[in-house]
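Visitor: I'd like to learn how to read a fold from its coordinates. Could you walk me through one?

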Amino acid sequence: MNLEASYRAAKDVMRKNASSFYAAFEKIERAKFLDIAAVYAFCRYADDLADTESQSKAMRLQLLNLLEEDVKSLYNGSSQSENYEKYAWWTAFENAIRIRKIPLEALLGQIDGQRSDVNFKIIENKDDLIIYCKKVAGTVGLMLAPMLRGDKADERYELICEDLGVAMQITNILRDVGEDLKNRNRIYIPQTFMKKYDVTREELENLSTSQPAGKSLHSFFQPNFKVEDKFVHLWEDMALLSEYYYDEFYKHLYMFNSDALFPVTAAAVFYQAILDEVRKNNYNCFTKRCYTSTKRKSELLKIVVSRVEDVKRKNFNCNEE
């Protein structure tokens, strides 16, 4: 497949699976956007490999190992295998790696994070949680970093990109407690948090199975859904951790290129707002997937614009000195 067609395929993957992400980043320089789409297609593929329940655990691990070997081949000069010729986005991904010098460590970290899901182990404490989040989401920030870097980026820049990924992944976990448990038999809440607030797996399972038969997680909502205060306190403790990483990201917006400043800020503000949606819905992260609606995003644009203008104003004043 020629390069142009491959980039179109990558764009289609992102448009289909991450419409808000697509809409935000579509506004930046076209060449950068295309490479972001190619990276997204890779991440989507790796994630799908780990979560494809129709395949055995052994097969999913084998496919992830194969993906790792082919990614490594792009960096060591060896000839690429034919394993990915059937994936239309691969040529664009290969080109993005070459042009943007995307770090191999980030790609391998992403694959290792997906292995962590296949070989899921109970997350014992906050440190384990952050390690996991850095693998599956922080690495995405590291992959995108070369396309978003501004002139004022310093040695902390990559860590800031990683921080946004961590913040978003914790948000994901807090949004999808029921879905992760019911569909994947996984609890990403650290055991130390559950013990601290005396929340048991059985209680989470009961909440996750409280929807009527035949109702999908995405279509059903119970207006009178109620969780105990102890779960609310646990949830808010983890939300505080997520918001810490968002705050670290916001403090360093000046490091991003001018064309990337609005989309990365919007992505962060819109995603962080999911936490408030869960709160509005009585902390129902069990029978309903909460999301930031289009109407709410329109309201949040004021916050996005304010943050962006503040960064630009400070940068302008610095340049005048």
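Guide: Start with what α1 packs against: its buried residues (under 20% relative accessible area, 1.4 Å probe, protein chains only) touch α2 (19-25), α3 (30-51) and α5 (90-100). Contact here means heavy atoms within 4.5 Å. Helices are DSSP runs of H or I, at least four residues, numbered from the N terminus. This is a predicted model, where local features need pLDDT of at least 70, side-chain atom pairs count only at pLDDT 80 or more, and totals for chains, interfaces and linings use all residues. Residues are numbered from 1 along each chain as its sequence is written, and side-chain values use heavy atoms, with hydrogens and water left out.

Visitor: Which residues of α1 are buried?

Guide: An α-helix has 3.6 residues a turn, so residues three or four places apart point the same way. In α1 the buried set is A5, S6, Y7, A9, A10, K11, V13 and M14.

Visitor: How far apart are the end C-alpha atoms of α1?

Guide: The expected span is 1.5 Å times one less than the number of residues. For the 15 residues of α1 (residues 3-17) that should be 21 Å, and the end C-alpha atoms are 21 Å apart, which agrees.

Visitor: How many helices and strands does the chain have?

Guide: There are 14 helices and zero strands; strands would be DSSP E runs of at least two.

Visitor: And what about burial and contacts over the whole chain?

Guide: Buried residues make up 51% of the 321. Of the contacts with a separation of 6 or more, 74% join residues 24 or more positions apart.

Conventions: Buried < 20%, exposed > 50% of the residue type's maximum accessible area, 1.4 Å probe, protein only.
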